[in-house]
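These are my notebook entries on a single protein chain. I record what I looked up, entry by entry.

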Amino acid sequence: MARPRQTIVSLEDTPYYHCCSRVVRKAFLCGIDNSTGENFEHRREWVDSSILELATIFAIDICAYAVMSNHLHVVLKVDAEKAKQWSDKEVLIQWHKGFKGTLLTHKYLKEEDLNSFELQTVNECITEYRKRLIDISWFMRSLSEPIARMANKEDKCTGRFWEGRFKSQALLDEAAVLACMAYVDLNPVRARMATTPETSDYTSIQRRINSAMKGEQPPELLPFVGNERLNMPNGLMFSVKDYIVLVEDTGRIIREDKRGAISSSSQDILNRLNIPAENWLKITTEFGALFKGAVGALPALTDYCEHLERKRRQGAANCQRWLQA
C-alpha cells in the first residue's frame, strides 16, 4: 500500500528527495513509438522547460533531472528557510508566477483597501501558499498536470496520462544525494539513448557540462559550491568539475562498449563518501532497484524512521551493504 506523502517527507532529516513519474496506457512521453511510428520527442522540451520554470516559483532547487521515453526523474532540494524569509508580498508574487491566486490576493498586491475580514482571508491564503511553495507534492503536481493536458489534447483522448502517484524517496546524506544524482544523470547512457553524458539531451548533466565549458554553472540548477566551510552558500558539496568527471568516468564504465576506469579525482570523491568503486558502479546502475525507501547511512536512516514513527527501517540492509565500506 502506498504511504501518505507526509509519512515520507521529513525536512527535519533532509531537504533532498528523489522523485520519479511514469506514464500509463502505453503512452510515450518522448521519442518514437515503434507501434505507430509517431514521434513524441517534442514532449521532452515540455517537461524540461516546465521543471526549470517551476524552480523559479517554488522554494525548491533542482539538483538533477532526466527526461526519458516514458518517465522522468528529478532530484529536489527543499529550501524551507528561503520560504520563511519571504515577506507576505513576496509569497504572493511567487505564487502568482504560476497560479491565478484570488481576487483578494491581487488586490492586496495592488495595495487596494481591504476590510478586516478580507485581510484575514488574504493572510490565510499567504500561510497556505507559503506551505505549498515548499511542498514537493505541489511541485510534482504542477509539473505533471499541464503536461498531461497537452498530451491528451495531442492524442485526442481523455483520462490519466501519468500514473496516479509519483514515487519519492528521501536522500539522507551526502553519499545518497551524489549517488542518486549520478544515477539520474546517467539514465540516458544506461538506456542507450545517448553515448555520453554531454550528448544526453534534456538532462541536468548536459546543462552542467555546457555551462562548465564556458567556465560557468547553470543558474537554473542548484550549484556546486566546493568543500564545506564557514558561511557556506546554498549548494552541493564538491566542485562541479569533479562531479562532471565522476559522472563521465562512471558512464564510460557502465556502457559495455566503452572502456574506462575511475580517475584519481573521482576516486578521491568516493573515498570521501566512503563508498568502494565497485559499490559506486552498482549503485549508479541499479539505484532504483536497490533502494525502495529512504537512502542513507544507518544512523541517518534510524533517525529518519524515528521522526516519522516507523517501526522498521525499510531498505536498511541495502543501505548498509552498498553505502558503507
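**Entry 1. Helix 7.** I take the expected span of a helix as 1.5 Å times one less than its number of residues. The model is predicted, and I began in it with helix 7, residues 174–185. Its 12 residues should span 16 Å at 1.5 Å a residue, and the end C-alpha atoms are 16 Å apart, so the two values agree. I then asked how many of the residues of helix 7 are buried. The count is 11 of 12, and I note the helix as mostly covered. Among the buried residues are A175, V177, L178, C180, M181, Y183 and D185.

**Entry 2. Cysteines.** I searched the whole structure for disulfides and found zero. C63 is in no disulfide, and the nearest cysteine sulfur to it, that of C180, is 9.3 Å away.

**Entry 3. Overall dimensions.** I counted 14 helices and six strands in the secondary structure of the protein. A compact globule of 325 residues would have a radius of gyration near 20 Å; the protein has 21 Å, so I record agreement. Along the principal axes, the C-alpha atoms fill a box of roughly 70 × 55 × 45 Å. Of the 325 residues, 48% count as buried. I next looked at contacts with a separation of 6 or more, and 66% of these join residues 24 or more positions apart.

**Entry 4. Helix 5.** I repeated the span check on helix 5, residues 116–132. Its 17 residues should span 24 Å at 1.5 Å a residue, and the end C-alpha atoms are 24 Å apart, in agreement. Which residues of helix 5 are buried? They are V122, C125, I126, Y129 and R130. They cover an arc of only 135° around the axis and therefore lie on the same side of helix 5. I recall that an α-helix has 3.6 residues a turn, so residues three or four places apart point the same way. The buried residues of helix 5 pack against helix 2 (80–85), helix 3 (88–98) and helix 4 (103–109). On the face turned away from the buried side I found the exposed residues S116, F117 and K131.

**Entry 5. Start of helix 5.** I identified N115 as the cap of the N-terminal end of helix 5, with a side-chain oxygen 3.1 Å from the backbone nitrogen of F117. F117 itself lies in helix 5 and is exposed, with a relative accessible area of 61%. I also took the separation of the C-alpha atoms of F117 and V23: these residues are 94 apart along the chain, and the atoms are 44 Å apart.

**Entry 6. H71.** Leaving aside neighbours within four places in sequence, H71 is in contact with C20, S21, R22, L29, A66 and N187.

**Entry 7. Loop between helix 8 and helix 9.** I located S200 in the loop between helix 8 (187–190) and helix 9 (204–212). S200 is buried, with a relative accessible area of 0%. A polar atom of its side chain lies 3.1 Å from the backbone oxygen of T196. Not counting residues up to four places away in sequence, S200 touches P188, V189, A194 and Q206.

**Entry 8. Positive phi.** Most residues other than glycine have a negative phi. I noted Y202, not a glycine, with a positive phi near 60°. Y202 is in the loop between helix 8 and helix 9 and is partly exposed, at 22% relative accessible area. E111, also not a glycine, has a positive phi of about 60°. E111 is found in the loop between helix 4 and helix 5 and is exposed, at 58%.

Definitions and conventions: Residues are numbered from 1 along each chain as its sequence is written. This is a predicted model: local features need pLDDT of at least 70, side-chain atom pairs count only at pLDDT 80 or more; totals for chains, interfaces and linings use all residues. Side-chain values use heavy atoms; hydrogens and water are left out. Helices (H or I, at least four residues) and strands (E, at least two) are DSSP runs, numbered from the N terminus. Buried means under 20% relative accessible area, exposed over 50%, partly exposed in between (1.4 Å probe, protein chains only). A polar contact is a pair of N or O atoms within 3.5 Å; within protein, one must be able to donate a hydrogen and the other to accept it, and residues adjacent in sequence count only if both atoms are side-chain atoms. Contact means heavy atoms within 4.5 Å. The arc is that of the directions from the helix axis to the C-beta atoms. A disulfide is a pair of cysteine sulfur atoms within 2.5 Å. The radius of gyration is taken over C-alpha atoms; the globule rule is 2.2 Å times the number of residues to the power 0.38.
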